[in-house]
Structure formats: C-alpha cells, structure tokens
Amino acid sequence: MRADLFAPETTPALGDDYMARTGRVLGRLALGALGVTLILPELALAQADATPTYSKDVAPIFREKCEACHRPGYIAPMSLQNYAESRPWARSIKNRVETRQMPPWHIDAAVGIQDFQNDRSLSQVEIDTIVRWADGGAPQGNPGDLPPAAVFADDDVWNYADRFGGPPDLIVTSTPHTMPALSQDHWWKPLVPTGLTEDRWVRGIEMRPSTTEGRKITHHALARLQQEEDDVDKESLVAAGGAGLLMEWAVGKEGEIMRENSGKLIKAGSEILWDIHYSSAGEEVTDSVELGLYFYPKDAPPKHRQVLNIWMGIEGGPNNLLLPPNTVTTTSQHHVMRENGRIENFQPHQHLRGKGMQMTAITPDGRSRVLSRVSDFNFNWHNNYVYADNAAPLLPKGTVVEITSWWDNTSANRANPDPNQWVGWGDRTVDEMAHAWVNVTYLDDEDFEAAKAEREATLAETTDGGEQ
Ligand code: HEC
C-alpha cells in the first residue's frame, strides 16, 4: 500500500548536484551488493552448520548497538548485558530487530537519503546474525569468545567536553519537577532565563536529565528559544516563525553539533521555554533537565545561521486536521524556501494515529525527489535523522518542500486507542499532530554556489578510482 501511495515520487531523479549523490550511493550499494553476491557461496558454506552464538556473534552487536539503553537503571525495560538476561528475550529481540523497530531508527531504508551522522541502525548482516541466532535456539556458545565489557561514560560527563576542550560554556537548568510513582504523563513547561548579557553563537548543544533517576521519567524535552529578533535579516527566519526551537532531546539522543561555520544565535536577555514530557516510573522521582551550550569564540563567530523550522503537514493549518473513524487518510502541506538552504535533518512528529511522514523537495526546475520517509512511525520514539556532511541536501531558493503525513485511524493500527473516534489536532497523545522539525542553514547565492562546488569536489574525491 505504501509503495502504491508513493510510487511516482520514488523514481530516481535527476542529475542535479545533490541528486547525483543518490546515484553515486546507489551505485556503491550496487557494487556492495555485487561484492556480497561474490563471496556469498563461501559464507553460506561456512554458515550452513554454524548457528551464531551469543558469546561470539551476538554480544558484540548488543554491546555496540543496544546496551547504551538496555542496562540497569536506563530507559529500556530490560538489560541485555549478559547471556542470562538476553536469552529469555530472544524471540522478542528477533521480532523487534527484524522489523527494524530496535534499535529505534525508523527511517525507510529503501527510499531517500541514506547517509546519516547519527545512524544507530543495524546492518542487514547484523540483523541476519541475530535472527539466525534466535531461530537456532539462541545458544550461548563459548564464554571465552565474549568481547570485553562495554565502557560507558559516567552520567555526569558531558559527551562533547572532550571535543570542545571542556564542559559547556553555559548550562541552563529547568525548574525541578516531581513525578509521582503512579500517574498519567505530565508536560512541564517552565520558563527559565539564559542569563546571557550578550549575543553568542552556539556550536554544540547537549541536553540530559540531571540525574540517573531522572532518566527513568524523562521521555523527551524541548528547549524553545524565546528572544527578540531586532534585525531580522533573513526572510526565512520569519517564515520559520522566529528563532524557534533550540533543541529537542529524546531518549537516546546525545546532542547536536553544528556544521562547520554555522551555528545558532542566542541573544542577550533570551529565555528557554521548556516543554518536558514526563512519564511515571513506579517510584517518586524529582528531577530537572540540563541544557548545555558550547559557544563559538567571541572573535570567531560562524558565518551562517541555522534555524529550526517547524514544517507542518496539513494544508491550511492544524484546524484542518480531522481524521474520520475507521479510515486511512493522508494530508500534506507545501513550504516555499525563500532562501537557498542546506537541509540538515529530518525529525517527524505525529501521535498515535500517525503512521508515517515524508519530506519531498520540488526544485524550481520542476523536478521532485523524496529526501526522507518514515513509514512505520512509532510515537515512543522521536528520532532525529541528521544527514551526513556530504548528504545534507543543498536546495536553491524557490524550492517547495512538501511534508506528507499518513494516518491509520482503524483497528489495524495497534497503537490506536479507539478507531471509532473522530480525531483532531491537539497536545494530548490521543489528539494528533503532523510536523517535521527541520534545521535549515540559509546561504546567500555566493555561498550556496561555493557549497555546491565544494560538495562536488568532495564527492569526486570519495568516488575516485572508477567506482562509478
Ligand atoms: C535508544 C535506546 C535503545 C536502544 C539503542 C535499543 N533499545 Fe530496545 N528498547 C528501548 C526502550 C525504551 C524500549 C521500551 C519501549 C519500546 O518498546 O519502544 C525497548 C524495547 C525493546 C524490546 C521489547 C521489550 C518488550 O517489552 O517486549 C526489545 C526486544 C528490544 N528493545 C531489543 C533491543 C535490541 C536487541 C537492541 C539493539 C540491537 C535495542 N533494543 C536497542 C530502548 C533502546
């Protein structure tokens, strides 16, 4: 059904600079696939009698891709740090891994850009290993084969401290909130001044619950930047609705680093409007969320301003969203880019009836290309898909960005609390929303051309050697 809905859009396009990238990646994939085909007979022979074991084959994958969340005291419901803990979950693990629900990374692998900065998905080989392990009775194997234990940084360490040579330059802390042991979800929205007395440019952002206890209740947190824009030099800033969101943090997210020579501008006298979604954890927990900001040196500000757009997916605005009972629907909305821009990421947002979202670019020459699609949206996870440096699309001004959402308000949608209700826009999880959070770095014509040329040069280099 999905494929039918979007078939016309998926036609590979179309020889433009950034579009050529896809061709190259596809080319490489094809080569990769060929390589796999060539060595397959050998592998198949080796594997025919060898069921993967936990100790040798599976544990290394869990160490790298699961344990960050699946360990005692962290957000996942169970630990997967040793065989005894993992074995009872083998069937469930197979299921979640095969359907690409775990690790939480739900971008469609078959369409759109596939190069990401923060990809935590499993490779097909890793998935196959886990599936064959589960199907083969989930054997332990020889404990002597186990990889060394994973080492995790202490909770009170800032992830980017090494990179930027010290802790954040500024930490803004939300007003503490107490979550009862048993309760419906809370949305906590305190307003906290940044305390800045001069404008500063941000090059890195981290957010984290203040304590390990806090990690159990903090589902996600938004930090909205509130500030006066005295000199709005970019129309696009107006289009984006102001300075916008500084950052959204959700379980499993590390932080955000600005691309070279670009940053977010935080002004003197600004404030952070928090929007924190807490869930109860069976025990009373009081916590706050910390926003850590790393600044560019005062004498070396970046040239380009990055703005977080909220691109809606409902023509005519939120009030036009009305999902009939027992019905599958799509909605969409178009946004014109008034400046050239580099699209940095895709972060779809819907609730329980939301099944998927797609971001498509229609360039002024009339060509269209799907940039990203999530067709198995899961409200538990607000993943942010950050494009790799050489994959972030460079779009000329006049590009129309189309955000399409689709909805399943039937009983086939297992997340649906009641398929017999009409559903409209709203904050509650049982209401709906449809927007993509998209960071855009706006570039004037000269810089845009330079960025395109640089992209071409890098790609030429990385694809050197007749790979094409
Ligand atoms: C970013 C954190 C994170 C990572 C990484 C992660 N998980 Fe999870 N996992 C969770 C959370 C939270 C849940 C419970 C919510 C949900 O089901 O989405 C969960 C649920 C599960 C479940 C379902 C448990 C049940 O109650 O049935 C399985 C199975 C699972 N994860 C396996 C894995 C495996 C295997 C990996 C690595 C290949 C992995 N997860 C990586 C956080 C994570």
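## Strand S17 and its partners

In this predicted model, strand S17 (residues 345-349) and strand S24 (residues 435-443) are joined by three bridges and run antiparallel. Within this pairing, His-349 lies opposite His-435 of S24.

S17 also pairs with strand S20 (residues 385-386), through two bridges and again in an antiparallel arrangement. Here Phe-346 faces Tyr-385 of S20. S17 is mostly covered, with four of its five residues buried. In a regular strand, side chains alternate between the two faces of the sheet.

## Overall make-up

The protein contains ten helices and 24 strands. Of its 468 residues, 35% are buried.

Contacts can also be sorted by separation along the chain. Among those between residues at least 6 apart in sequence, 83% join residues at least 24 apart.

## The nonpolar cores

The largest nonpolar core holds 36 residues, and Leu-371, Ile-403, Ala-436 and Val-438 have the most contacts inside it. At least two residues of this core come from each of strand S13 (304-312), strand S18 (354-362), strand S19 (368-374), strand S21 (394-395), strand S22 (400-408) and S24. The biggest share is that of S24, which gives six residues. Two domains take part in this core: domain 1 (1-44 + 303-468) and domain 2 (51-153) each provide at least three of its residues.

Leaving aside residues up to four places away in sequence, Leu-371 touches Gly-112, Ile-113, Ile-343, Phe-346, Met-359, Thr-360, Ala-361 and Pro-393. One of these contacts, Phe-346, is the residue that stands opposite Tyr-385 in S20.

## Helix H3

Helix H3 (residues 54-65) spans only 14 Å between its end C-alpha atoms, whereas a straight helix of twelve residues would span 16 Å at 1.5 Å a residue.

The buried residues of H3 are Tyr-54, Val-58, Ala-59, Ile-61, Phe-62 and Lys-65. These residues lie on the same side of H3 because they cover an arc of only 160° around the axis. An α-helix has 3.6 residues a turn, so residues three or four places apart point the same way.

Conventions: Residues are numbered from 1 along each chain as its sequence is written. This is a predicted model: local features need pLDDT of at least 70, side-chain atom pairs count only at pLDDT 80 or more; totals for chains, interfaces and linings use all residues. A residue is buried if 20 or more other C-beta atoms lie within 10 Å of its own, exposed if 12 or fewer, and partly exposed in between; C-beta atoms are placed from the backbone. Two strands pair if DSSP finds at least two bridges between them. Two residues are in contact if their C-beta atoms, placed from the backbone, lie within 7 Å. A nonpolar core is a set of buried Ala, Val, Leu, Ile, Met, Phe, Trp, Tyr and Cys residues joined through C-beta atoms within 7 Å. Domain bounds come from an automatic or database domain assignment. The expected span of a helix is 1.5 Å times one less than its number of residues. The arc is that of the directions from the helix axis to the C-beta atoms.
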